Every structure is written in C-alpha cells, then in structure tokens.
Amino acid sequence: MAEAIRMPKMSDTMTEGVIASWLKNVGDKVSSGDILAEVETDKATMELESYEDGTLLYIGPKKGESVPVDALIAVIGKEGEDFAALLGGDAKAAPAANEPKEEKASAPKKEEVKPAAAKAEAPAAKTTVDTSNIKASVIRMPKMSDTMTEGVLVNWLKKTGDKVKSGDVLAEVETDKATMELESYEDGTLLYTGVTAGDSVPVDAVIAVIGEEGADYKALLEGGSSAGSDDTQERQENAQTDEAIDTSVEAARSDKSDEVSVPAEAPAANESQTSEGGRIKASPLAKKLAKEKGLNLADIKGSAEGGRIVLRDIENYKPAAATQQQAAPQQSKPAAAPASAPAADFEEVNVSQMRKVIARRLSESKFTAPHFYLTMEIDMDKAMEARASMNEVSPVKISFNDLVIKAAAAALRQHPAVNSSWLGDKIRYNKQINIGVAVAVEEGLLVPVVRNADIKSLSAIASEVKELGGKAKNKKLQPAEWEGNTFTISNLGMFGIEEFTAIINSPDACIMAVGAIKQKPVVRNGEIRIGNVMKVTLSCDHRVVDGAVGSAFLQTFKNLLENPVRILV
C-alpha cells in the first residue's frame, strides 16, 4: 500500500521547510533509513529519511521550494501502484505531474495495478471511518501566544459527563506567558478528556471531545488516523511524526518482527555504528525518541545502511538484551550504594513553560544577533529634582523608571533607525514607539508593552506600568499586552546593580540596561563635587544599528534626562 510522505516538524519553531536537494528520483528503489532529501529548516539543513521500503512513485515540491509542515512532499509504494485514491485531494495533480516519467512503465503497469489495488482494499476498509454523522467536536490545545508551542493543563474546571455551553471555561492552561482560561465554543456534554492536570500538551493536540451524550467519540478520535490506536500516544508525544510516518513505522514493525538483537552480536553492531571517529550514526528523529525514552544509542543495533540507527530501531528495541549484558555491573552496585549516597543531595524540577521560552528565545537572540554594547554615564541631579516636583502634583507616583521610559521614547522619535526590527531579508522601521518593560516574576521574566510611549504623559506611563507590572506578577497579562514592542528597557537599579548588559529581545534592534543611581565625585565648573550618576548600557544588533547610530541615540537620551524639561516639550 502506497504511503504519503509529509514534511515533518524538525524543530519547535519550524512552520515550513525548503527542499535543499532531492537525493532520490521518481522510480528509484528506497529502503527504510535511506535519505530522500535534504531539508533546510529555520535552524539547520537536515536529512529527510524514508521509513518505508518500496519505489519512489511521486515527488511534489521541487528543489528550492518552500513547503509547510505536514504538507505532502512524496509518495512511496509498489512500482506501478495507483496512489491517487489513497491520497485524496493532495494527489489530484499527482498523476499529471508524474505522467512523463511513468510512460515507460505503462505496459507492466496494467498488469500490476490490479493485485496492488486488491491488497490495498482490505486495510483501506479498516482505516476509513465515516465521522460525518458523529455529533461531537474535538477540542485541541489552542496557540495562546505567538511563542507558545505547548501548554500545561493546570486543572480541569469541568469533568467528563458535565453539560457545557459555549463560553464556559473548561480548564486553565499555563503558557509561557500566563495562566489563561480555555473556553468552550460548543454546546453539549463533555464526553472525553485526554489530558490529566499537570500534563504538558503540544499546540493542536487533542485534549477533549464535546458533543451529544452517547456520541461515538472513540470513532471520532480514531477516524482521522490511518495508523490505529497504538500510535495515537506516539503522535502526541512526538510532533515530528505524522500520519504517514506512523503508518510506516507500524508496517516496519510488523515486517521486521523476526529481527531480534542477540547479545553476542551487540559489540559488532556498536562497531559499525561508531565507525566514523567514534560517533554513533543515528537519524535526528531516532536520537530525539531515544532521549525521550532514556535509551543509550550505544546499546541499540542499527538496521539502516552502515549500521545507522533509525526510528524503527528505537521502536523495536527491547532492553532485555541490554539488561543481560549489564547484569554483572549491576550486581556490584548495592555494595557501592552507601559511598554514592551523598551525590543524591540535590533537587531536580521540571522546567516551566515560561523558562523554556526564555531559554529558547534568548539563546536564539544571543547566538544569531551580533551584539555590541555602548555604556554612558548620566548626571541625574536635575532629574531627581524634577521628579520630586512632579510627584507633588501627579495623581500617581512617578518613578525614575518612568522618566527613563519617557526619555527613551522621545529619543527614539529623533532616531528612528534605533526603533527598528531585523526580519531576515528586510529591516522594519517602526512608526509607533512601543516600549517593552522587563518585569521580574517568580518563574522568570515578562515584558509588558507601553504603547505609543512618546505621546503619553509621565503620569499616564506611571499608571500603565504599575498596572501591567501587577498583571505580570499575577500572570494575568493578555497577549495584546505583551506583543508588539519595538524597544525594550531592563532596569536593575532597584537591586543596587550599577551596570550590566542585557540580551536583545528579538526582533527589536536594541535593549537598554539601566543601573542604579549612585553618588560619586564629579567635576563641575572645575570643581569636584558629589553628584548622582546613573549608568546605562545599550545592547545593539549590529545587523541593524551601527555604533554611530547607537551613540547618537544615547547622547540624545542623556541630554533629555540631564535636562528633563525637554522631555515635556
């Protein structure tokens, strides 16, 4: 039976991939583990391997074309097999696209199509489920922020069997930004909940079913899968596998069920796997699944070319053989246990969604954006006097950070090149000045946004920053309140930090790190006096902002704070 090969999701941020090159042509024989093509993702150029044995019947995208995740890219099956009916709408153009290459095989094709179709009829009948008459709807994990890839279901507010209406809150979901409510968009009965409280769920994964009481929701859950219920959990746990891959893995498992690892042969297998400078040869997907299962790749025998470990080997691996091989070392462990007991004096906790995103986004920024830093001292004497005067009449207390935000916004209006964003093949010069304000929270850092800060009064900025800071610490921020920043300010002055460098909050071109106001000797009119000095450091993305541009911005910012009346003009 022919199998559709779709573009897998090769990284957590990948939405599409570019076919860098095809390593196989239509008509070529392929085996499980063979490399079909090279795919350029947002992270790297990776190998796309086959999970089927057969003939490459169809290639969709050409070299250099961009393909969305889960889109059809190829078909593998028996030579001469009619695959259009199996692929439905995705393959309507397939016969026409491959007609020139199939003309030579037209004579034997007439003889081979019938037995191939006959074999395909039985499994197709089993996997095709008509769900049109099932009065129920699948509820999936929504994408609640622009950076969200998964969410943690904090707790269910409804339970199986409860009646729900559109607008009712089903559960609370913790994202990388906040804890948000998951609403129902259907009226009916909660028939099924597939996730327990505390579980992490990928975006678009099934979490519940709502419909008429007594509706066959199991058929609904299984109807969209051609692989059977045994592969459902695997698809949820591994976003890189799709419907076609799951089917092929199951087929490979049944076809190769007679392959058993023999302990005596394990050393030979390991030698073949590490033939290249001691490196274990394994596909990226196999490495990922082995890591999730806690398996040591050195213990697994590869079945692909050159002893390369592929997904099928991880699926078929039985740790019994490894247990026998390591029986002797394990017997000696009880004696050594007392000596190693102190090593367990630590605690490991699961990484929160917020921390995952902080790690990912800041790593991307630090390792992709060429940072450079500009530091300047600012005389804050007049700013301190102005603040004291303003607070006598202001309806809300104005902080030094509010002055910094207003001065930065005014300086950005004069230096629009700093208020920009790097977009890869273009630079965006933002017309609005939206200042992101870094706020420390228990689990990490959030950046609520003060929009149009250049046209707001100081008291309005102070009131808004206070409100957004409270929401951030209570994890009540909404997406509109943390998206769209064009410049970011991180202030650690309240902790006594004199100066530091901050990592750019992409896609912004710059971030400004603000230190504490310190008293120090300064020279004024040829005399040494005690002055109040604050240091700021501007981190710049050199792809967008050059040193002279960043320096001019800081000079304007310094003049505004040293003469705060200008901020109000």
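Okay, before anything else, a word on terms: helices (H or I, at least four residues) and strands (E, at least two) are DSSP runs, numbered from the N terminus. Also, this is a predicted model, so to speak of local features we need pLDDT of at least 70, and side-chain atom pairs count only at pLDDT 80 or more, while totals for chains, interfaces and linings use all residues. Residues are numbered from 1 along each chain as its sequence is written, and side-chain values use heavy atoms, with hydrogens and water left out.

Now, helix α15 covers residues 458-473, and both Glu467 and Lys471 sit in it, 4 residues apart, about one turn of the helix. Their side chains form a salt bridge at 3.8 Å, N to O; that term means a side-chain nitrogen of Lys or Arg within 4 Å of a carboxyl oxygen of Asp or Glu. By that rule there are 18 salt bridges.

Another one pairs Lys163 with Glu213, at 3.3 Å between the closest N and O atoms. Lys163 is in strand β11 and Glu213 in the loop between β16 and α4, so the pair ties together parts 50 residues apart in sequence. Buried or exposed, what is Lys163? Exposed, at 55% relative accessibility. The cut-offs: buried is under 20% relative accessible area, exposed is over 50%, and partly exposed is in between, with a 1.4 Å probe and protein chains only.

Compare Asp541 and Arg543, whose salt bridge comes in at 2.8 Å, N to O. Asp541 is buried at 2%, and Arg543 is partly exposed at 29%.

Zooming out, the protein chain has 17 helices and 26 strands, and buried residues make up 43% of its 569 residues.

On to the inside. The largest nonpolar core has 75 residues; a core here is a set of buried Ala, Val, Leu, Ile, Met, Phe, Trp, Tyr and Cys residues joined through side-chain atoms within 4.5 Å. Helix α14, residues 400-414, gives the largest share, 9 residues. Among the residues with the most contacts inside this core are Phe487 and Met512. In soluble globular proteins, nonpolar side chains tend to be buried together.

Last stop, Asn419, in the loop between α14 and β18. Asn419 is buried, at 1% relative accessibility. Which side chain does the Asn419 side chain meet in a polar contact? That of Thr486, at 2.6 Å. A polar contact is a pair of N or O atoms within 3.5 Å; within protein, one must be able to donate a hydrogen and the other to accept it, and residues adjacent in sequence count only if both atoms are side-chain atoms. The Asn419 side chain also reaches the backbone oxygen of Asn430, at 3.0 Å.
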